Amino acid sequence: MAEPFIHLRGVRKVYRHGDEEHLAISDATFDVMPGELVALVGPSGCGKSTLLKILAGLQAPDGGEVAIGSAAHAFDPARDVGMVFQAPVLLKWRRILDNVLLPAEILGLPAAASRTRARELLALVGLDGCEDHYPYQLSGGMQQRAAIARALIHDPKLVLMDEPFGALDALTRDKMNLELQRIWSQSGKTIVFVTHGVAEAVFLGTRVVVLTAGPARMAGNFAVDLPRPRTLDLRTSERFGHYTHLIYQLLGMA
Amino acid sequence: MDRRDRRNTGGDRLGLGRYAPGVVAHLALVLVWLLLVKLGHLPRFVLPSPMDTARALGAGNYNWWGNVATTSAEIFGGYFLALVVGVGLALLFSWSKVLASFLMPVLVSLNMVPKVALGPIIIVWFKYGVFPNTLIAFSICVFPILMTTARGLREIEPELLDLVRALRGSRWQLFTKIQLPGALPYIFAGMKVAVVLAVAGAIVGEFLGSDRGLGYLMLQVQVTLDTPAMFMAVVLITLLGVALYGLVMGLERWLIPRDARVG
(Lines give C-alpha, C1' and ligand atoms only; values in the text may rest on other atoms or scores of the structure.)
Protein backbone atom coordinates (compact mmCIF):
# COMPACT_ATOMS: atom_id res chain seq x y z
CA MET A 1 0.00 0.00 0.00
CA ALA A 2 1.32 3.40 -1.04
CA GLU A 3 2.03 6.11 1.52
CA PRO A 4 -0.68 8.74 1.98
CA PHE A 5 0.06 12.29 0.84
CA ILE A 6 -2.01 13.87 3.59
CA HIS A 7 -2.34 12.25 6.96
CA LEU A 8 -4.71 13.66 9.58
CA ARG A 9 -5.19 12.09 13.01
CA GLY A 10 -7.56 13.47 15.64
CA VAL A 11 -7.25 17.05 14.40
CA ARG A 12 -8.99 19.54 16.68
CA LYS A 13 -9.53 23.26 16.40
CA VAL A 14 -11.14 25.53 18.96
CA TYR A 15 -12.07 29.16 18.44
CA ARG A 16 -12.23 31.44 21.44
CA HIS A 17 -14.43 34.49 21.63
CA GLY A 18 -13.63 36.00 25.01
CA ASP A 19 -14.53 33.34 27.56
CA GLU A 20 -16.59 31.32 25.14
CA GLU A 21 -15.06 28.39 23.36
CA HIS A 22 -16.39 27.16 20.10
CA LEU A 23 -15.31 23.77 18.80
CA ALA A 24 -14.74 24.14 15.06
CA ILE A 25 -13.29 20.71 14.35
CA SER A 26 -13.04 17.67 16.54
CA ASP A 27 -11.26 14.46 15.73
CA ALA A 28 -10.83 14.90 11.98
CA THR A 29 -9.06 11.72 10.92
CA PHE A 30 -8.49 10.73 7.32
CA ASP A 31 -5.81 10.13 4.72
CA VAL A 32 -5.52 11.47 1.21
CA MET A 33 -3.52 9.50 -1.35
CA PRO A 34 -1.39 11.30 -3.94
CA GLY A 35 -3.49 12.39 -6.91
CA GLU A 36 -6.81 11.99 -5.11
CA LEU A 37 -9.65 14.48 -5.31
CA VAL A 38 -11.19 14.45 -1.85
CA ALA A 39 -14.46 16.25 -1.25
CA LEU A 40 -15.13 17.62 2.24
CA VAL A 41 -18.88 17.98 2.55
CA GLY A 42 -21.04 19.32 5.34
CA PRO A 43 -23.32 22.15 6.41
CA SER A 44 -22.15 25.68 7.18
CA GLY A 45 -20.13 25.86 10.35
CA CYS A 46 -18.90 22.28 10.25
CA GLY A 47 -15.29 23.41 10.09
CA LYS A 48 -14.56 22.50 6.46
CA SER A 49 -12.97 25.84 5.68
CA THR A 50 -11.01 25.73 8.94
CA LEU A 51 -9.66 22.33 7.97
CA LEU A 52 -8.61 23.76 4.62
CA LYS A 53 -6.78 26.61 6.36
CA ILE A 54 -4.97 24.11 8.53
CA LEU A 55 -3.90 22.22 5.41
CA ALA A 56 -2.74 25.50 3.86
CA GLY A 57 -0.62 26.20 6.93
CA LEU A 58 -2.60 29.36 7.67
CA GLN A 59 -3.82 28.08 11.02
CA ALA A 60 -2.37 25.65 13.52
CA PRO A 61 -4.55 22.86 14.94
CA ASP A 62 -5.14 22.82 18.70
CA GLY A 63 -4.59 19.11 18.80
CA GLY A 64 -3.93 16.06 16.70
CA GLU A 65 -1.51 15.32 13.96
CA VAL A 66 -1.19 16.85 10.49
CA ALA A 67 1.38 15.51 8.06
CA ILE A 68 1.58 16.42 4.41
CA GLY A 69 4.01 14.88 1.95
CA SER A 70 5.69 11.53 1.77
CA ALA A 71 9.05 10.08 0.78
CA ALA A 72 7.91 9.82 -2.84
CA HIS A 73 6.10 13.16 -2.83
CA ALA A 74 8.07 15.77 -0.93
CA PHE A 75 5.97 18.72 0.18
CA ASP A 76 7.22 22.27 0.62
CA PRO A 77 4.48 24.20 2.46
CA ALA A 78 5.71 27.50 0.99
CA ARG A 79 5.30 26.54 -2.65
CA ASP A 80 3.23 23.41 -2.90
CA VAL A 81 -0.16 24.85 -2.03
CA GLY A 82 -2.53 26.34 -4.57
CA MET A 83 -5.77 27.94 -3.37
CA VAL A 84 -9.15 28.61 -4.94
CA PHE A 85 -11.88 30.42 -3.01
CA GLN A 86 -15.63 30.86 -3.35
CA ALA A 87 -15.06 34.26 -4.92
CA PRO A 88 -12.51 34.45 -7.73
CA VAL A 89 -10.74 37.36 -5.95
CA LEU A 90 -8.88 38.33 -9.09
CA LEU A 91 -7.00 41.63 -9.01
CA LYS A 92 -9.24 44.03 -10.91
CA TRP A 93 -6.35 46.12 -12.19
CA ARG A 94 -4.47 43.21 -13.72
CA ARG A 95 -5.15 41.47 -17.00
CA ILE A 96 -6.05 37.79 -16.77
CA LEU A 97 -2.56 36.60 -17.71
CA ASP A 98 -1.00 38.81 -15.03
CA ASN A 99 -3.56 37.61 -12.50
CA VAL A 100 -2.54 34.02 -13.17
CA LEU A 101 1.10 35.02 -12.70
CA LEU A 102 0.64 36.46 -9.18
CA PRO A 103 1.80 33.37 -7.22
CA ALA A 104 4.78 32.96 -9.56
CA GLU A 105 5.78 36.57 -8.85
CA ILE A 106 5.45 36.08 -5.10
CA LEU A 107 7.60 32.96 -5.25
CA GLY A 108 10.09 34.66 -7.58
CA LEU A 109 9.82 32.03 -10.33
CA PRO A 110 11.52 32.78 -13.68
CA ALA A 111 9.28 35.24 -15.52
CA ALA A 112 9.54 33.98 -19.10
CA ALA A 113 8.90 30.35 -18.22
CA SER A 114 6.00 31.36 -15.97
CA ARG A 115 4.37 33.35 -18.76
CA THR A 116 4.55 30.36 -21.07
CA ARG A 117 3.09 28.18 -18.37
CA ALA A 118 0.35 30.71 -17.64
CA ARG A 119 -0.72 30.62 -21.29
CA GLU A 120 -0.79 26.81 -21.22
CA LEU A 121 -2.86 26.83 -18.04
CA LEU A 122 -5.32 29.34 -19.47
CA ALA A 123 -5.72 26.98 -22.41
CA LEU A 124 -6.20 24.10 -19.97
CA VAL A 125 -9.02 25.89 -18.17
CA GLY A 126 -10.59 26.96 -21.48
CA LEU A 127 -9.62 30.63 -21.38
CA ASP A 128 -7.28 30.82 -24.37
CA GLY A 129 -7.77 34.18 -26.04
CA CYS A 130 -8.68 35.92 -22.76
CA GLU A 131 -5.09 36.58 -21.65
CA ASP A 132 -5.35 40.34 -22.16
CA HIS A 133 -8.86 40.80 -20.81
CA TYR A 134 -9.55 42.43 -17.49
CA PRO A 135 -11.55 40.42 -14.94
CA TYR A 136 -14.67 42.56 -15.40
CA GLN A 137 -14.80 41.47 -19.02
CA LEU A 138 -15.35 37.85 -17.95
CA SER A 139 -18.39 36.13 -16.47
CA GLY A 140 -18.28 34.71 -12.95
CA GLY A 141 -17.63 31.18 -14.22
CA MET A 142 -14.78 32.37 -16.43
CA GLN A 143 -13.25 34.36 -13.58
CA GLN A 144 -13.30 31.21 -11.49
CA ARG A 145 -11.51 29.34 -14.30
CA ALA A 146 -8.82 32.02 -14.20
CA ALA A 147 -8.60 31.57 -10.42
CA ILE A 148 -8.03 27.84 -10.97
CA ALA A 149 -5.25 28.60 -13.46
CA ARG A 150 -3.74 30.97 -10.87
CA ALA A 151 -3.80 28.16 -8.28
CA LEU A 152 -1.83 25.92 -10.65
CA ILE A 153 0.78 28.40 -11.94
CA HIS A 154 3.51 27.44 -9.47
CA ASP A 155 2.87 23.73 -10.06
CA PRO A 156 1.80 23.01 -6.46
CA LYS A 157 1.39 19.42 -5.35
CA LEU A 158 -1.75 20.23 -3.39
CA VAL A 159 -4.70 22.35 -4.52
CA LEU A 160 -7.19 23.50 -1.88
CA MET A 161 -10.60 24.62 -3.08
CA ASP A 162 -13.09 26.27 -0.74
CA GLU A 163 -16.57 26.03 -2.30
CA PRO A 164 -15.18 27.30 -5.59
CA PHE A 165 -18.46 26.96 -7.47
CA GLY A 166 -20.76 27.92 -4.60
CA ALA A 167 -21.50 31.36 -6.04
CA LEU A 168 -22.28 30.16 -9.56
CA ASP A 169 -25.69 29.42 -11.02
CA ALA A 170 -26.67 25.75 -11.15
CA LEU A 171 -25.98 25.16 -14.85
CA THR A 172 -22.60 26.92 -14.81
CA ARG A 173 -21.79 24.93 -11.73
CA ASP A 174 -22.56 21.65 -13.56
CA LYS A 175 -20.28 22.72 -16.37
CA MET A 176 -17.52 23.68 -13.96
CA ASN A 177 -17.80 20.28 -12.26
CA LEU A 178 -17.12 18.60 -15.61
CA GLU A 179 -14.27 21.04 -16.26
CA LEU A 180 -12.69 20.47 -12.86
CA GLN A 181 -12.82 16.70 -13.39
CA ARG A 182 -10.98 17.17 -16.70
CA ILE A 183 -8.44 19.62 -15.25
CA TRP A 184 -7.80 17.31 -12.31
CA SER A 185 -7.28 14.24 -14.50
CA GLN A 186 -4.99 16.18 -16.88
CA SER A 187 -2.93 17.85 -14.17
CA GLY A 188 -2.70 14.90 -11.78
CA LYS A 189 -2.85 17.18 -8.74
CA THR A 190 -4.01 16.17 -5.30
CA ILE A 191 -7.11 18.25 -4.64
CA VAL A 192 -9.05 18.84 -1.44
CA PHE A 193 -12.39 20.30 -2.36
CA VAL A 194 -14.77 21.82 0.19
CA THR A 195 -18.44 21.94 -0.72
CA HIS A 196 -21.89 21.98 0.81
CA GLY A 197 -23.27 20.34 -2.33
CA VAL A 198 -23.93 16.67 -1.72
CA ALA A 199 -24.22 15.79 -5.43
CA GLU A 200 -21.12 17.85 -6.23
CA ALA A 201 -19.13 15.94 -3.60
CA VAL A 202 -20.14 12.56 -5.02
CA PHE A 203 -19.68 13.67 -8.62
CA LEU A 204 -16.15 14.99 -8.12
CA GLY A 205 -14.70 13.00 -5.24
CA THR A 206 -12.57 9.91 -5.39
CA ARG A 207 -13.34 10.02 -1.70
CA VAL A 208 -15.86 11.94 0.38
CA VAL A 209 -15.32 13.08 3.94
CA VAL A 210 -18.52 14.07 5.73
CA LEU A 211 -18.39 16.64 8.52
CA THR A 212 -21.24 17.74 10.76
CA ALA A 213 -21.82 20.94 12.69
CA GLY A 214 -23.10 21.25 16.27
CA PRO A 215 -21.39 19.17 17.48
CA ALA A 216 -18.50 19.50 15.09
CA ARG A 217 -17.27 16.07 14.24
CA MET A 218 -16.27 13.88 11.35
CA ALA A 219 -19.25 11.69 10.48
CA GLY A 220 -17.86 9.54 7.69
CA ASN A 221 -15.18 8.92 5.11
CA PHE A 222 -15.76 6.67 2.11
CA ALA A 223 -14.38 6.07 -1.38
CA VAL A 224 -16.65 6.83 -4.33
CA ASP A 225 -16.44 3.94 -6.74
CA LEU A 226 -17.93 5.40 -9.89
CA PRO A 227 -16.37 5.17 -13.37
CA ARG A 228 -14.46 8.11 -14.90
CA PRO A 229 -14.89 10.29 -16.72
CA ARG A 230 -18.15 10.84 -14.90
CA THR A 231 -20.97 12.40 -16.86
CA LEU A 232 -23.82 14.58 -15.62
CA ASP A 233 -26.22 11.73 -16.50
CA LEU A 234 -24.50 9.60 -13.91
CA ARG A 235 -26.15 11.70 -11.22
CA THR A 236 -29.52 10.10 -11.94
CA SER A 237 -28.12 6.57 -11.66
CA GLU A 238 -28.88 4.26 -8.76
CA ARG A 239 -25.24 3.96 -7.72
CA PHE A 240 -24.90 7.72 -7.56
CA GLY A 241 -28.08 7.90 -5.51
CA HIS A 242 -26.67 5.34 -3.12
CA TYR A 243 -23.76 7.66 -2.32
CA THR A 244 -25.83 10.80 -1.94
CA HIS A 245 -28.22 8.89 0.33
CA LEU A 246 -25.27 7.75 2.40
CA ILE A 247 -24.13 11.36 2.88
CA TYR A 248 -27.61 12.47 3.93
CA GLN A 249 -27.69 9.59 6.39
CA LEU A 250 -24.33 10.54 7.85
CA LEU A 251 -25.54 14.13 8.20
CA GLY A 252 -28.62 12.82 10.04
CA MET A 253 -30.95 14.16 7.38
CA ALA A 254 -32.27 10.88 5.97
CA MET B 1 -18.37 29.03 -24.38
CA ASP B 2 -19.52 31.64 -21.93
CA ARG B 3 -17.08 34.09 -23.45
CA ARG B 4 -18.03 37.75 -23.50
CA ASP B 5 -16.36 40.53 -25.31
CA ARG B 6 -17.13 44.08 -24.28
CA ARG B 7 -14.52 45.85 -26.37
CA ASN B 8 -15.75 48.90 -28.18
CA THR B 9 -16.32 47.88 -31.76
CA GLY B 10 -18.18 50.98 -32.97
CA GLY B 11 -16.74 53.57 -35.35
CA ASP B 12 -16.27 56.17 -32.59
CA ARG B 13 -13.19 54.54 -31.07
CA LEU B 14 -12.10 57.48 -28.94
CA GLY B 15 -15.65 57.97 -27.73
CA LEU B 16 -15.62 61.68 -28.60
CA GLY B 17 -19.38 61.51 -29.07
CA ARG B 18 -19.93 61.20 -25.34
CA TYR B 19 -18.29 64.59 -24.73
CA ALA B 20 -20.73 66.37 -27.04
CA PRO B 21 -23.56 66.79 -24.48
CA GLY B 22 -21.13 68.33 -22.00
CA VAL B 23 -19.83 70.84 -24.55
CA VAL B 24 -23.36 71.77 -25.58
CA ALA B 25 -24.38 72.27 -21.93
CA HIS B 26 -21.45 74.61 -21.32
CA LEU B 27 -22.30 76.67 -24.39
CA ALA B 28 -25.90 76.82 -23.23
CA LEU B 29 -24.77 78.14 -19.85
CA VAL B 30 -22.90 81.00 -21.52
CA LEU B 31 -25.96 81.67 -23.67
CA VAL B 32 -28.22 81.88 -20.61
CA TRP B 33 -25.73 84.28 -19.04
CA LEU B 34 -25.80 86.43 -22.17
CA LEU B 35 -29.61 86.43 -22.36
CA LEU B 36 -29.86 87.36 -18.70
CA VAL B 37 -27.69 90.42 -19.29
CA LYS B 38 -29.41 91.46 -22.53
CA LEU B 39 -33.03 90.82 -21.58
CA GLY B 40 -32.63 91.88 -17.96
CA HIS B 41 -30.94 95.17 -18.93
CA LEU B 42 -28.55 94.64 -16.05
CA PRO B 43 -25.80 97.22 -15.62
CA ARG B 44 -22.22 96.10 -16.23
CA PHE B 45 -21.14 96.48 -12.62
CA VAL B 46 -23.87 94.07 -11.49
CA LEU B 47 -23.62 91.43 -14.17
CA PRO B 48 -21.20 91.98 -17.03
CA SER B 49 -21.86 90.10 -20.26
CA PRO B 50 -19.56 87.26 -21.34
CA MET B 51 -18.00 89.65 -23.88
CA ASP B 52 -17.35 92.35 -21.26
CA THR B 53 -15.74 89.72 -19.10
CA ALA B 54 -13.55 88.48 -21.92
CA ARG B 55 -12.56 92.05 -22.78
CA ALA B 56 -11.21 92.50 -19.25
CA LEU B 57 -8.52 90.02 -20.20
CA GLY B 58 -7.03 92.47 -22.70
CA ALA B 59 -7.68 95.75 -20.89
CA GLY B 60 -6.27 97.45 -17.83
CA ASN B 61 -3.26 96.79 -15.73
CA TYR B 62 -4.38 93.51 -14.17
CA ASN B 63 -1.18 91.48 -14.63
CA TRP B 64 -3.34 88.42 -15.35
CA TRP B 65 -0.55 86.00 -16.09
CA GLY B 66 1.51 86.95 -13.09
CA ASN B 67 -1.54 86.53 -10.86
CA VAL B 68 -2.48 83.25 -12.52
CA ALA B 69 1.06 82.02 -11.94
CA THR B 70 0.91 82.97 -8.25
CA THR B 71 -2.46 81.33 -7.64
CA SER B 72 -1.48 78.22 -9.61
CA ALA B 73 1.68 77.89 -7.56
CA GLU B 74 -0.42 77.98 -4.38
CA ILE B 75 -3.05 75.56 -5.64
CA PHE B 76 -0.67 73.06 -7.24
CA GLY B 77 1.90 73.40 -4.48
CA GLY B 78 -0.62 72.92 -1.69
CA TYR B 79 -2.25 70.06 -3.56
CA PHE B 80 0.98 68.26 -4.26
CA LEU B 81 2.13 68.69 -0.67
CA ALA B 82 -1.22 67.30 0.53
CA LEU B 83 -0.85 64.34 -1.80
CA VAL B 84 2.61 63.50 -0.50
CA VAL B 85 1.75 64.04 3.17
CA GLY B 86 -1.75 62.48 2.97
CA VAL B 87 -0.66 59.34 1.17
CA GLY B 88 2.53 59.16 3.21
CA LEU B 89 0.71 59.32 6.56
CA ALA B 90 -1.85 56.77 5.41
CA LEU B 91 0.97 54.40 4.41
CA LEU B 92 2.62 54.92 7.78
CA PHE B 93 -0.67 54.13 9.53
CA SER B 94 -1.15 50.97 7.54
CA TRP B 95 2.33 49.84 8.58
CA SER B 96 2.03 50.73 12.25
CA LYS B 97 -1.26 50.04 13.97
CA VAL B 98 0.05 51.61 17.17
CA LEU B 99 0.90 54.86 15.43
CA ALA B 100 -2.49 54.84 13.73
CA SER B 101 -4.35 54.26 16.99
CA PHE B 102 -2.66 57.31 18.55
CA LEU B 103 -2.62 59.71 15.63
CA MET B 104 -5.86 58.88 13.87
CA PRO B 105 -8.15 60.29 16.64
CA VAL B 106 -6.05 63.46 16.74
CA LEU B 107 -6.31 63.85 13.00
CA VAL B 108 -10.06 63.31 13.07
CA SER B 109 -10.30 66.14 15.63
CA LEU B 110 -7.99 68.36 13.59
CA ASN B 111 -10.15 67.67 10.57
CA MET B 112 -13.04 69.27 12.47
CA VAL B 113 -11.10 72.53 12.83
CA PRO B 114 -12.38 74.91 10.19
CA LYS B 115 -9.21 75.36 8.16
CA VAL B 116 -10.34 78.80 7.03
CA ALA B 117 -10.10 79.88 10.67
CA LEU B 118 -6.46 78.85 10.68
CA GLY B 119 -5.78 81.29 7.86
CA PRO B 120 -5.16 84.39 10.00
CA ILE B 121 -2.90 82.37 12.31
CA ILE B 122 -0.88 80.93 9.44
CA ILE B 123 -0.45 84.43 8.07
CA VAL B 124 0.76 85.68 11.46
CA TRP B 125 3.34 82.90 11.46
CA PHE B 126 4.53 83.14 7.89
CA LYS B 127 3.53 86.65 6.76
CA TYR B 128 2.03 87.46 3.37
CA GLY B 129 2.90 85.50 0.30
CA VAL B 130 2.77 82.32 -1.66
CA PHE B 131 3.98 80.07 1.13
CA PRO B 132 1.27 80.70 3.77
CA ASN B 133 -1.41 80.47 1.08
CA THR B 134 0.07 77.18 -0.09
CA LEU B 135 -0.10 75.98 3.51
CA ILE B 136 -3.76 76.98 3.80
CA ALA B 137 -4.53 75.12 0.56
CA PHE B 138 -2.59 72.15 1.90
CA SER B 139 -4.30 72.11 5.30
CA ILE B 140 -7.75 72.13 3.76
CA CYS B 141 -7.18 69.39 1.19
CA VAL B 142 -4.90 66.95 2.98
CA PHE B 143 -7.62 65.25 5.01
CA PRO B 144 -9.77 63.77 2.28
CA ILE B 145 -6.65 62.32 0.66
CA LEU B 146 -5.43 60.89 3.96
CA MET B 147 -8.81 59.43 4.92
CA THR B 148 -9.60 57.77 1.59
CA THR B 149 -6.07 56.41 1.24
CA ALA B 150 -6.16 54.94 4.74
CA ARG B 151 -9.52 53.37 3.93
CA GLY B 152 -8.26 51.98 0.61
CA LEU B 153 -5.24 50.41 2.26
CA ARG B 154 -7.51 48.71 4.79
CA GLU B 155 -9.84 47.28 2.15
CA ILE B 156 -8.04 44.08 1.36
CA GLU B 157 -9.94 40.91 0.64
CA PRO B 158 -9.15 38.30 3.33
CA GLU B 159 -8.81 35.62 0.66
CA LEU B 160 -6.00 37.53 -1.01
CA LEU B 161 -4.30 37.83 2.35
CA ASP B 162 -4.59 34.04 2.72
CA LEU B 163 -3.26 33.54 -0.79
CA VAL B 164 -0.15 35.61 -0.12
CA ARG B 165 0.37 34.11 3.33
CA ALA B 166 0.03 30.54 2.07
CA LEU B 167 2.88 31.30 -0.36
CA ARG B 168 4.88 32.86 2.49
CA GLY B 169 4.85 36.16 0.61
CA SER B 170 6.55 39.09 2.32
CA ARG B 171 4.79 42.11 3.72
CA TRP B 172 6.43 44.20 1.02
CA GLN B 173 5.02 41.92 -1.70
CA LEU B 174 1.57 42.13 -0.15
CA PHE B 175 1.92 45.90 -0.12
CA THR B 176 3.24 46.44 -3.65
CA LYS B 177 1.22 43.78 -5.45
CA ILE B 178 -2.11 43.97 -3.66
CA GLN B 179 -2.52 46.69 -1.06
CA LEU B 180 -1.21 49.73 -2.91
CA PRO B 181 -2.74 49.05 -6.36
CA GLY B 182 -5.96 48.12 -4.57
CA ALA B 183 -5.91 51.45 -2.74
CA LEU B 184 -5.29 53.53 -5.87
CA PRO B 185 -8.97 53.99 -6.77
CA TYR B 186 -9.61 55.27 -3.23
CA ILE B 187 -6.64 57.60 -3.40
CA PHE B 188 -8.02 59.06 -6.60
CA ALA B 189 -11.47 59.49 -5.06
CA GLY B 190 -9.86 61.57 -2.31
CA MET B 191 -7.71 63.46 -4.80
CA LYS B 192 -10.76 64.52 -6.78
CA VAL B 193 -12.49 65.91 -3.70
CA ALA B 194 -9.25 67.63 -2.73
CA VAL B 195 -9.02 69.59 -6.01
CA VAL B 196 -12.01 71.75 -5.12
CA LEU B 197 -10.70 72.30 -1.61
CA ALA B 198 -7.19 73.24 -2.73
CA VAL B 199 -8.57 75.93 -5.02
CA ALA B 200 -10.82 77.27 -2.26
CA GLY B 201 -7.94 77.21 0.23
CA ALA B 202 -5.57 79.18 -1.99
CA ILE B 203 -8.18 81.86 -2.73
CA VAL B 204 -9.18 82.20 0.92
CA GLY B 205 -5.52 82.67 1.73
CA GLU B 206 -5.27 85.43 -0.83
CA PHE B 207 -8.39 87.10 0.55
CA LEU B 208 -7.01 87.05 4.08
CA GLY B 209 -3.68 88.57 3.28
CA SER B 210 -1.66 88.67 0.13
CA ASP B 211 -0.08 91.01 -2.34
CA ARG B 212 -0.41 88.80 -5.40
CA GLY B 213 -2.74 86.28 -6.97
CA LEU B 214 -6.21 86.19 -8.45
CA GLY B 215 -7.93 86.40 -5.05
CA TYR B 216 -5.86 89.49 -4.20
CA LEU B 217 -6.71 90.99 -7.58
CA MET B 218 -10.42 90.47 -6.93
CA LEU B 219 -10.23 92.51 -3.75
CA GLN B 220 -8.30 95.24 -5.57
CA VAL B 221 -10.80 95.64 -8.41
CA GLN B 222 -13.79 95.27 -6.09
CA VAL B 223 -13.00 98.73 -4.72
CA THR B 224 -13.59 100.29 -8.13
CA LEU B 225 -16.64 98.10 -8.89
CA ASP B 226 -14.73 96.61 -11.80
CA THR B 227 -17.07 93.62 -11.98
CA PRO B 228 -15.91 92.35 -15.39
CA ALA B 229 -12.38 91.88 -14.00
CA MET B 230 -13.82 90.12 -10.93
CA PHE B 231 -15.72 87.82 -13.22
CA MET B 232 -12.63 87.16 -15.27
CA ALA B 233 -10.72 86.31 -12.11
CA VAL B 234 -13.45 83.83 -11.12
CA VAL B 235 -13.34 82.30 -14.59
CA LEU B 236 -9.56 81.89 -14.40
CA ILE B 237 -9.70 80.41 -10.88
CA THR B 238 -12.33 77.96 -12.10
CA LEU B 239 -10.19 77.04 -15.10
CA LEU B 240 -7.26 76.34 -12.81
CA GLY B 241 -9.46 73.96 -10.83
CA VAL B 242 -10.75 72.34 -14.00
CA ALA B 243 -7.20 71.89 -15.28
CA LEU B 244 -6.09 70.21 -12.06
CA TYR B 245 -9.19 68.02 -12.02
CA GLY B 246 -8.58 67.04 -15.64
CA LEU B 247 -4.99 66.16 -14.83
CA VAL B 248 -6.10 63.94 -11.94
CA MET B 249 -8.78 62.26 -14.04
CA GLY B 250 -6.37 61.65 -16.89
CA LEU B 251 -3.89 60.09 -14.51
CA GLU B 252 -6.64 57.92 -13.05
CA ARG B 253 -7.74 56.67 -16.45
CA TRP B 254 -4.18 55.93 -17.38
CA LEU B 255 -3.40 54.03 -14.16
CA ILE B 256 -6.60 52.20 -13.37
CA PRO B 257 -8.72 50.01 -15.64
CA ARG B 258 -12.35 51.07 -15.87
CA ASP B 259 -13.98 48.62 -13.54
CA ALA B 260 -11.51 49.13 -10.70
CA ARG B 261 -12.33 52.83 -10.31
CA VAL B 262 -14.52 54.11 -7.49
CA GLY B 263 -16.44 57.34 -7.08
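In this predicted model, P229(A) sits in the loop between β9 and α8 (238–250) of chain A. The peptide bond that joins R228(A) to P229(A) is cis, with omega at about -5 degrees. Most residues other than glycine have a negative phi, and most peptide bonds are trans.

**Positive phi in chain A**

- V89(A) is not a glycine, yet has a positive phi of about 35 degrees.
- This valine belongs to the loop between β5 and α2 (96–100) of chain A.
- V89(A) counts as buried because 22 C-beta neighbours lie inside 10 Å, and the cut-off for buried is 20 or more.
- D155(A), also a residue other than glycine, has a positive phi near 50 degrees.
- The loop between α5 and β6 of chain A holds D155(A).
- D155(A) has 15 other C-beta atoms within 10 Å, so D155(A) is partly exposed; the count falls between the limits of 12 or fewer for exposed and 20 or more for buried.

**Antiparallel pairing around β1 of chain A**

- Strand β1 (residues 6–17) of chain A runs antiparallel to strand β2 (residues 20–32) of chain A, and nine bridges join them.
- Across this pair, F30(A) in β2(A) is the residue opposite L8(A).
- I68(A) in β4(A) is the bridge partner of I6(A).

**The six-stranded sheet of chain A**

- Chain A has an open sheet of six strands in the order β5-β6-β7-β3-β8-β9, and the pairing is mixed.
- The edges are β5 (81–84) and β9 (217–223) of chain A; each has a single partner strand, so one side of each has no neighbour in the sheet.
- On average, and with direction ignored, neighbouring strands of this sheet are turned by 15 degrees against each other.
- Within the sheet, strand β6 (residues 158–162) of chain A runs parallel to strand β7 (residues 190–195) of chain A, joined by five bridges.
- V159(A) has I191(A) in β7(A) as its bridge partner.

**Nonpolar cores**

- The largest nonpolar core contains 81 residues. L40(A), A149(A), L160(A) and F193(A) have the most contacts inside it.
- Helix α5 (residues 140–152) of chain A gives the most to this core, namely seven residues.
- Neighbours within four places in sequence aside, A149(A) is in contact with V100(A), A118(A), L121(A), L122(A), V125(A) and L127(A).
- Another core lies apart from the one above and has 48 residues, among them A82(B), L135(B), I140(B) and M147(B).

**Contact between the chains**

- The contact is made by 25 residues from chain A and 22 residues from chain B.
- On the side of chain B that touches chain A, α7 (158–166) and α8 (171–208) of chain B each supply at least two residues.
- α7(B) gives the most to that side, with seven residues.
- By type, the residues on that side of chain B are ten nonpolar, ten charged and two polar.

- Helix α1 (residues 20–40) of chain B has 21 residues. From its first C-alpha to its last, α1(B) reaches 30 Å, close to the 30 Å expected at 1.5 Å a residue.
- Zero of the 21 residues of α1(B) are buried, so the helix lies largely in the open.
- S109(B) is exposed because 9 other C-beta atoms lie within 10 Å, and S101(B) counts as exposed because it has 10 C-beta neighbours inside 10 Å; the limit for exposed is 12 or fewer.
- From C-alpha to C-alpha, S109(B) and S210(B) are 29 Å apart in space, and they are 101 residues apart in sequence.
- S101(B) and G86(B) are 15 residues apart in sequence and, C-alpha to C-alpha, 16 Å apart in space.

Technical notes. Residues numbered from 1 in each chain as written. Chains lettered and ligands numbered in written order. Predicted model: local features only at pLDDT ≥ 70, side-chain atom pairs only at ≥ 80, totals over all residues. Helix = DSSP H or I, 4+ residues; strand = E, 2+ residues; numbered from the N terminus. Expected span 1.5 Å × (residues − 1). Pairing = 2+ DSSP bridges. Contact = placed C-beta atoms within 7 Å. Nonpolar A, V, L, I, M, F, W, Y, C, P; charged D, E, K, R; others polar. Axes fitted to C-alpha atoms, helices over the stretch in contact; angles between N-to-C directions. Core = buried A, V, L, I, M, F, W, Y, C linked by C-beta atoms within 7 Å.
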